[in-house]
Amino acid sequence: MVKNSFISIISQEENKENRGSVEFQIVSFTNKIDRLSSHLKLHKKDYLSERGLLKILGKRHRLLAYLSKKTRVHYKEVKELIDQLDKTKTRVDYKEFKELIDQLEKKTR
């Protein structure tokens, strides 16, 4: 069986990164949310995918709350950062997200 074209292949650079980190999980959930949102625009009655999207949104919300507690950065700042990255390109990059989180953390210290 051939895989769908919606499944993105993880690049070699992301393969080397720490996949268990909170930042990487948030970025990967954001990319999945984008992919599922575009799928649901085409298939409006796909309720199982809609349920999966809601689950991923909840997971990302909890991870963002955890990240804001862990790094002393407020949730709103992290959410605005994701929105800015989302507007500039279709896919959020892990390294760029990690650098911006570190910059925000340095400002709050």
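**Before selecting anything**

The model is predicted: local features need pLDDT of at least 70, side-chain atom pairs count only at pLDDT 80 or more, and totals for chains, interfaces and linings use all residues. Residues are numbered from 1 along each chain as its sequence is written, and side-chain values use heavy atoms, with hydrogens and water left out.

**Whole chain**

Show the chain as a cartoon. It has five helices and zero strands, in the order α-α-α-α-α along the sequence. Helices (H or I, at least four residues) and strands (E, at least two) are DSSP runs, numbered from the N terminus.

Now colour by burial. Of the 109 residues in the chain, 30% are buried. Buried means under 20% relative accessible area, exposed means over 50%, and partly exposed is in between (1.4 Å probe, protein chains only). Accessible areas come from the Shrake-Rupley method with a 1.4 Å probe; for residues, only the protein chains shown count as cover.

For contacts, defined as heavy atoms within 4.5 Å, consider those with a separation of 6 or more: residues 24 or more positions apart account for 58% of them.

**Stop 1: the salt bridge**

Select Lys-98 and Glu-23. Their side chains form a salt bridge, with N to O at 3.7 Å. Lys-98 belongs to helix α5 and Glu-23 to helix α2, so the pair ties together parts that are 75 residues apart in sequence. The structure holds one salt bridge, the term being used for a side-chain nitrogen of Lys or Arg within 4 Å of a carboxyl oxygen of Asp or Glu. The two partners can be coloured by burial: Glu-23 is buried at 4% relative accessibility, while Lys-98 is partly exposed at 29%.

**Stop 2: Phe-24**

Move to Phe-24, also placed in helix α2. Phe-24 is buried, with a relative accessible area of 9%.

**Stop 3: His-39**

Stay in helix α2, which spans residues 22–42, and select His-39. This residue is buried, at 17% relative accessible area. Once residues up to four places away in sequence are set aside, His-39 touches Asp-46 and Ser-49.

**Stop 4: Gly-52 and Leu-36**

Select Gly-52 in helix α3. Its relative accessible area is 24%, so Gly-52 counts as partly exposed. Leu-36 is 16 residues away from Gly-52 in sequence, with a C-alpha to C-alpha distance of 8.6 Å.

**Stop 5: the positive patch**

Switch to a surface view and select Lys-32, Arg-51, Lys-55, Lys-59 and Arg-62, which form a positive surface patch. Patches are made of residues with over 30% relative accessible area and no salt bridge; like charges are joined within 9 Å, and nonpolar side chains (Val, Leu, Ile, Met, Phe, Trp, Tyr) within 5 Å. Lys and Arg count as positive and Asp and Glu as negative; His and the chain ends are not counted. Each charge is placed at NZ of Lys, CZ of Arg, CG of Asp or CD of Glu.

Which helix gives the most to the positive patch? Helix α3 (residues 47–71) does, with four residues. Lys-55 is in helix α3 and is partly exposed at 47% relative accessibility.

**Stop 6: Arg-72**

Select Arg-72, in the loop between α3 and α4 (75–88). Most residues other than glycine have a negative phi. Arg-72 is exposed, at 62% relative accessibility.

**Stop 7: Leu-104 and Glu-105**

End in helix α5 (residues 94–108), the location of Glu-105 and also of Leu-104. Leu-104 is buried at 17% relative accessible area, and Glu-105 is buried at 18%.

Leu-104 is in contact with Val-73, Glu-77 and Leu-81, and Glu-105 touches Thr-71 and Val-73. Between Leu-104 and Thr-71, 33 residues apart in sequence, the C-alpha to C-alpha distance is 8.9 Å.
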